[in-house]
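Dear colleague,

Please find below the sequence and structure that I am handing over to you.

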Amino acid sequence: MEIPSKYNALSVEKKWYNYWMEHNYFHSTPDDREPYTIVIPPPNVTGILHMGHMLNNTIQDVLIRRARLLGKNACWVPGTDHASIATEAKVVAKLKAQGIDKNDLTRDEFLKHAWDWTHEYGGVILEQLKKLGCSCDWDRTKFTMDDDMSEAVIKVFVDLYNKGLIYRGYRMVNWDPEAKTTLSDEEVEYVEKQGKLYYVKYNIEDSNKTLTIATTRPETILGDSAICINPNDPRHKNLKGKKAIVPICNRVIPIIEDDYVDVEFGTGCLKVTPAHDENDKVLGDKHNLEIIDIFNEDATLNSYGLHYGGQDRFEVRKAIVKELESLGQIEKIEDYTNRVGVSERTKAIIEPRLSDQWFLKMTDLAKPALDAVLKNGEVKLFPKKFENTYRHWMENIRDWNISRQLLWGQQIPAYYYGDGKEDFVVAETIQEALKLAQSKTGNSELETSDLKQETDALDTWFSSWLWPISVFDGIRYPENEEINYYYPTNDLVTGPDILFFWVARMIVAGYEYRGERPFENVYLTGLVRDKQRRKMSKSLGNSPDALKLIETYGADGVRVGLLLSSAAGNDLLFDEDLCQQGKQFANKIWNAFRLIKGWEVDASIEQPKSSKIALEWYESKFQKTIEEIENHFSKYRLSDALMATYKLIWDDFASWLLEIIKPAYQKPIDKETYDGIIRLFENNLKILHPFMPFLTEEIWQYIDERSPEQALIISRWPDKKAINDILISEFDFAAEVISGIRNIRKQKNIAFKDAISFSVVNNENTASTFDEVIVKMGNLKHFDYVKEPIDGALTFRVKSNEYFIPIEGSIDVQAEIKKLTEELNYTEGFLKSVQKKLSNERFVNNAPEQVVASEKKKESDALAKIETIKASLESLN
């Protein structure tokens, strides 16, 4: 087969991905091998490939491909999450564009639109992952709203309810007025916003005096139920037992006393609005205050908002301040920075709201999951620093609000048979619910038509927390072959931003429903940021098009670019130049392969000693690098593992080994060396394959004609062999000698085609193992060991060995003496300045240790250089 002169990534990637799919290499079924399992963090069904996905899935693919090469039964389960809030918002927007109001549709009609949208757009991100080279078991693709997945979710809800862990409660919740649903505490982000602090005067009943409160939300005064003062605040003794009048609505409210009020903040008078603040709700309950909810579900004001009814909360804020000013009831307004809760999904500012919701008790459920990470180490976090975050969340865990006021998602399996809040039963099906309702009421005449199912859907995370179990159908069938074989899974790769949302909850579910951990290791990637350290986002416009990057640099180039800058748990400062570096690496390997395949092989030629020893050296160097790589993999330092592989192939293989064994121009290579270099090249491809799957498979298939059973993707990781550390050390010394020869050739303009004489005073007693290599790489006439320095020769040192290259008329002696004298004078002057600094006691005592050490190294380097220059001058005189 003719090898193309240039590597064409796009055509190669399509060809080999299709080939891998055609031969079902990604698919796994239980057998007698050791399983290695990863479940994908299911991207939102609304999603498209972005840089975070690229990094996360590249890491997973590296791990899964390496596991295959290690002979394990590798199974990577892909899938998507139905993403209740995000997907419903997109469907609502699409319907709105068509002139359809969601509220005019029945649940079933809306769900049909949602499923249509999902079928049209839902698979986009998974198809994009294929372009990156992800070797998922696509036959196993799951969606959190698949019938079997939904059945598992409902089964778990019923089970937890029957265990007394799920309950319905009237609580203050986080309300997203854009999505019109409640959110859990973890779905609220807190951001600093510049606002105002308004000082509002309230008239005191039967008095011409006023009191002043400070508030950031003047629109909520219409929901005030009381004014609260601290009983120990001497400023407000005159207010005790009195009543205040709420401005605008003129409602008379009591002035209550409670030491909850901070006498240091604001005026010491606190407005109490139990319907719109969690702390105010606690005060309201304690003092039996009226609850006045002034907001509609979209955060417009309702009838309690009086003439502001129907207007948005922020518009009302501006208008009500103007009205208060006109009434003379604004004392002053100050700039104020406060933390505001926003919805993680819609970015709408959250409203605290009292609502009937479903909750899961978490305190007892969390204990095994806390111990798994922090006590017995059954689940390990990489990097370890995230254990503190995990501890904080899990030790301060609150009951999980699992209900959402959405249509898209698993509908809560509670069935109401009466008008009361507690008139319900919980069951997996309406038929089971009917039996329970008949039993509970004693009314055997009840029919399914008398039951009304809860309209709320379950939080998306309530389905994805079962993911490692439910993808193997382990909830519905706890003893099936697949769950018993693949579970617990091995590695989970995800972002630290969902350590609590998803990771912690999966661990909770694992212990509750399998009695064991869901995975052994959690590799937490950093966030992908731009060079200015900004998080990549659509709004900033600083996130490159992932598919465009693949088109420009090739999937392998992008994978290398991402991984080279991605230390575990640290944010990745993405720079497109790294992808260019990855592409150049691919070209380097391709050109190395073309060089080897371009050599004519002659079986009759004897193998040169230089080639024999070079192959032996590289074998040891390769084995030592594999040890290093495996150590990095064990600690999830994938960036370091790739860098070790990169240096081995670029420096040791391409820059040294190929140069050593390369035959003379238009001369053949001996067969033994050729076979050896091919074998080593194949081993290089094996350890590089997890990082650069397309390039390596292409070269692998060019090297030899291979059957599908011999494809690189299912080959075996190189066997471990003994490492000759002495050989590696001797080569490193020889490489310094060769570099010394090359430097002199370059400095003195001695053409490489001109063979030169070479001698050494072997003070180091170095072995002659690599002498033939030095002779070839230096183009030496001969390599002599001598007892005394050679007069009239150029010289350099490696450690205490002194090497000599006779001038033999190839240079102008007088010009060389002049040049060396100038260099000696400069170096002696430099040495004096360094020694002057080191003789200054104040400098030595006060400068940082590393600065002093650096100056001492400069001194010793300068002394060695002076000695070498003087020796060269002596030999020239």
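The notes below cover a sheet, the nonpolar cores and one serine. Please bear in mind that this is a predicted model.

The sheet. Three strands form an open sheet in the order β15-β23-β22, and their pairing is parallel. The edges are taken by β15 (380–382) and β22 (489–494); each has a single partner strand, so one side of each is left without a neighbour in the sheet. On average, neighbouring strands here are turned by 20 degrees against each other, direction ignored. The parallel pairing of β15 with β23 (residues 519–524) runs over 3 bridges, and L381 stands opposite V522 of β23.

The nonpolar cores. The largest nonpolar core comprises 194 residues, and L360 and F462 have the most contacts inside it. Helix α19 (residues 638–661) supplies the largest share of this core, with 13 residues. Leaving aside residues up to four places away in sequence, F462 touches V153, V156, F157, L160, I166, L360, W400 and I402. Another core, of 28 residues, lies apart from the largest one; Y198, I292, F295 and L301 are among its members.

The serine. Helix α19 also contains S639. Why does S639 count as buried? Its relative accessibility is 10%, and buried means under 20%. In sequence, S639 and S565 are 74 residues apart, while their C-alpha atoms are 6.6 Å apart in space.

Yours sincerely

Notes. Residues are numbered from 1 along each chain as its sequence is written. This is a predicted model: local features need pLDDT of at least 70, side-chain atom pairs count only at pLDDT 80 or more; totals for chains, interfaces and linings use all residues. Side-chain values use heavy atoms; hydrogens and water are left out. Two strands pair if DSSP finds at least two bridges between them. Helices (H or I, at least four residues) and strands (E, at least two) are DSSP runs, numbered from the N terminus. Axes are lines fitted to C-alpha atoms, for helices over the stretch in contact, and angles run from 0 to 180 degrees between N-to-C directions. A nonpolar core is a set of buried Ala, Val, Leu, Ile, Met, Phe, Trp, Tyr and Cys residues joined through side-chain atoms within 4.5 Å. Buried means under 20% relative accessible area, exposed over 50%, partly exposed in between (1.4 Å probe, protein chains only). Contact means heavy atoms within 4.5 Å.
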